Amino acid sequence: MAINILMPALSPTMEEGNLAKWMVKEGDSVESGDILCEIETDKATMEFEAVDEGVIGKILIAEGSEGVKVNTPIAVLLEEGESADAAPAAAPAAAAPRAEEAPAPAAATPVASTPVEQDLPAGTTFKSQTVREAIRDAMSEEMRRSADVFLMGEEVAQYQGAYKVSQGMLDEFGPKRVIDTPITEHGFTGIAVGAAFAGLNPIVEFMTFNFAMQAIDQIINSAAKTRYMSGGQMTCPIVFRGANGAASRVGAQHSHDYATWYAQVPGLKVVMPYSADDYKGLLKSAIRDPNPVIFLENEILYGRSFDVPEIEDYTVPIGKARIWREGDDVTIVSFGIGMQYALEAADKLAEEGISAEVIDLRSLRPMDTETVLKSVMKTNRCVTVEEGFPVASIGGYISATIMQEAFDYLDAPVINCAGKDVPMPYAANLEKLALVTTEEVISAVKSVTYR
Amino acid sequence: MASAKKTAKKPAKTSNLDKEELLEFYREMLLIRRFEEKAGQLYGMGLIGGFCHLYIGQEAIVVGLEANAKEGDQRVTSYRDHGHMLACGMDPKGVMAELTGREGGYSRGKGGSMHMFSREKNFYGGHGIVGAQVPIGAGLAFANWYRENDNVSFAYFGDGAANQGQVYETFNMASLWKLPCVFVIENNKYAMGTSLQRASSTPDLYTRGAAFGIPGEAVDGMDVLAVKAAGEKAVAHCRAGKGPYILEMNTYRYRGHSMSDPAKYRTREEVQKVKEERDPIDHVRDLLLTGKHASEADLKVIDKDIKKIVIEAADFASESPEPALSELYTDILAEAN
């Protein structure tokens, strides 16, 4: 019986891809293991092999097609002697039986909130750019600016970046400035710290911050503390960057959000942006900063597009929050991918007549608590949103700050929406349950506004 | 500066002993010893707090190696760091005042015995996490490689650190990238209270780079001339762009690991035997006297000079005020431009 060959997913977060090239044509016999076509995404290229044997009856998606959704039928495979007409009309998407509710695919489009208070010159034009491209542009621009800036990490050079963030950089800057390291985080982090002490400006890419756990001694004990321990003599101008927090279905050892860990340490600056323009502007500032900067990225956000100002040398200062949406009824404070839930919640709440002010902290150390306090003094209510664990969380710190600095302004206790207090499970339904959701944010806002 | 830094002005002449050089070695080693004895005394008086790791017995290593250093070379070590600082020409007053936690200290009182730095002398600390200074030292060498100069970095660590994982990660990358780094293993036989035999599966630490293609050499770390000669070879290797080099310095620490040491893990006789038979300062003293390079009277003059420097350092360290309370919140971050 004819089988539909479906567009494969190359990674847990892939939603669509390009069908770059067919290696077979209609009428060809194939055996399992034969290469059918080449699939590519913004971060990977893969040869797609046949699983079953048969004859290619019909090619449904022409080569060169872009944006082909995962699970779309791309060709029909016939059994020997079968006619192409026997092809099934449409392929039902594989649906696994679910315990409760299917995990909604992560929203692929940016939330339709308009940034406010963006201090840009009149007439600034924008271009749509992914977070991944924004990070690459920030690094490349800074490497063009200063010969002391270099990038090192696992797979940053020849592989073009494990998440294709450093795509093309090896070609432009050469192997001396885009350096592939062995898989030895502790060692290469220490080497980078030493190079920074000697006055160079390393950008250290961790494939994920989960792996930086191997190197956290060098980050904390060497990079962060040496300026103080030297009475101000030494500087460590270094950036540690990479994916942080949950991706999708990658289990407990690849999903940890380290925001609060690093935010606790004097001597570090910690940045966790949400939008591509902030990724670009803040990373450029981080590279120029004379201090160690922890730059926490998010794998799910890498592929998201945002408007990035077309300004030469666009920088965003570290330590300044950004108000994405103004409102009167409640302040929602978040950062990183948490902003997605905050902004979605604000949109939905607006439909119900609740006006939420949404603040993106962007920097966790130093943290712009002044902007948060000013907002809370106006709205008298606050909900915090983060994907990390709830104990000793950023939200907990903000709650304490508001309590100490603006207690009399509060009309309700601050509610912290956070990831659940469990290691990240693999099962799709459990993972969804473990992460913070837009519904939880909405429910928290209703609770603090007594609706 | 009380002790002027001597860089290698002349090639090594171990066969034809250089009088001036021998006298300089004697002077520098004696300064470290007297300084450390004074530090021990000040500790006992309560002027120095916390941890204080004395270098007594190991003086020949830093003095012999520094004789091969040139302007721009860097050095980094562990928490047993006083000797390294004095040997690279840092001011004994500033070091001692840091031990007492005073404003006049190298870290203005914020670092203490284990954490001092000097940009001027390219001394990069002073690190308290065993082994952490090794990749940092390779990173300093990386900067030399990146800048394409011929400077080398000296990364000192002990026999205890030689078992740390990050040391081997560093060996791999240093060799892979041919970083100009001299790895100096100061094997004083005891990692705190654990003897080498009880902690290392193989005793020959100089062979630990073999798997990475790094040449290594065992050196009598109690003989300053042997140290200097080995250092010369290692440094030439690094400067020529041939990659890192390992020197295992066989040495001995006379005092405890830190100031409070149970002294149960080795015998008094063992310590006494090394002091009597292998003392690095006595060795140079003998060479000077038997070679008629100096008289007892000449050496007495040096002893007196050193004593004066150390007393001045101790006085400075006692008189320098504690840091202002406002210093608590300074030096955490550098000002962004």
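In chain A, strand E10 (residues 149-153) and strand E11 run parallel and are joined by 3 bridges, where two strands count as paired if DSSP finds at least two bridges between them. The model is predicted, so local features need pLDDT of at least 70 and side-chain atom pairs count only at pLDDT 80 or more, while totals for chains, interfaces and linings use all residues. Residues are numbered from 1 along each chain as its sequence is written, and chains are lettered from A and ligands numbered from 1 in the order in which they are written. Helices (H or I, at least four residues) and strands (E, at least two) are DSSP runs, numbered from the N terminus.

**The sheet of chain A**

- Within the pair formed by E10 and E11 of chain A, A:Met152 stands opposite A:Ile179 in E11(A).
- The open sheet has 7 strands in the order E11-E10-E12-E13-E15-E14-E20 (chain A), and its pairing is mixed.
- Its edge strands, each of which pairs on one side only, are strand E11 (178-180) and strand E20 (363-365) of chain A.
- From one strand to the next the twist averages 20 degrees, with axes being lines fitted to C-alpha atoms, for helices over the stretch in contact, and angles running from 0 to 180 degrees between N-to-C directions.
- Helix H7 (residues 276-288) of chain A packs on this sheet, where it touches E10, E12, E13, E14 and E15 of chain A, and its direction makes about 155 degrees with that of E15(A); residues are in contact if their C-beta atoms, placed from the backbone, lie within 7 Å.

**The sheet of chain B**

- An open sheet of 6 strands has the order E2-E1-E3-E4-E8-E7 (chain B), with parallel pairing.
- Strand E2 (123-126) and strand E7 (216-220) of chain B are the edge strands, each pairing on one side only.
- Here the twist averages 15 degrees from one strand to the next.
- Strand E4 (residues 181-187) and strand E8 (residues 245-250) of chain B pair in the parallel sense over 6 bridges, and B:Glu186 stands opposite B:Met249 in E8(B).
- Helix H8 (residues 224-239) of chain B packs on the sheet and touches E4, E7 and E8 of chain B, with a direction that makes about 170 degrees with that of E8(B).

**Where chain A meets chain B**

- The contact between the chains takes 35 residues from chain A and 34 residues from chain B.
- On the side of chain A that touches chain B, the elements giving two or more residues are H3, helix H4 (216-224) and helix H5 (226-229) of chain A, and H3(A) provides the largest share, 10 residues.
- The residues on that side of chain A divide into 14 nonpolar, 18 polar and 3 charged, where Ala, Val, Leu, Ile, Met, Phe, Trp, Tyr, Cys and Pro count as nonpolar, Asp, Glu, Lys and Arg as charged, and the others, Gly among them, as polar.

- The axes of helix H3 (residues 185-197) of chain A and helix H5 (residues 133-147) of chain B come within 6 Å and cross at roughly 60 degrees.
- That angle makes H3(A) oblique to H5(B), given that angles under 35 degrees count as roughly parallel, over 145 as roughly antiparallel, 65 to 115 as roughly perpendicular and the rest as oblique.
- H3(A) passes H5(B) in a right-handed crossing; a crossing is right-handed if the near helix is turned clockwise from the far one by less than a right angle, and left-handed if anticlockwise.
- Residues of H3(A), including A:Gly187, A:Ile191 and A:Phe197, meet residues of H5(B), including B:Pro135, B:Leu140 and B:Tyr146, and by class this contact has 12 nonpolar, 5 polar and no charged residues.
- With helix H6 (residues 165-176) of chain B, the axis of H3(A) comes within 8 Å and crosses at roughly 70 degrees, and H3(A) and H6(B) are therefore roughly perpendicular to each other.
- The crossing of H3(A) with H6(B) is right-handed, and the contact involves residues including A:His186 and A:Phe188 of H3(A) and B:Glu169 and B:Met173 of H6(B).

**Backbone details**

- The peptide bond from A:Arg365 to A:Pro366 is cis, with omega near -5 degrees, and A:Pro366 lies in the loop between E20 and helix H10 (369-379) of chain A.
- B:Asn122 has phi near 55 degrees, a positive value in a residue other than glycine, and is found in the loop between helix H4 (92-99) and E2 of chain B.

Notes. Contact = placed C-beta atoms within 7 Å.
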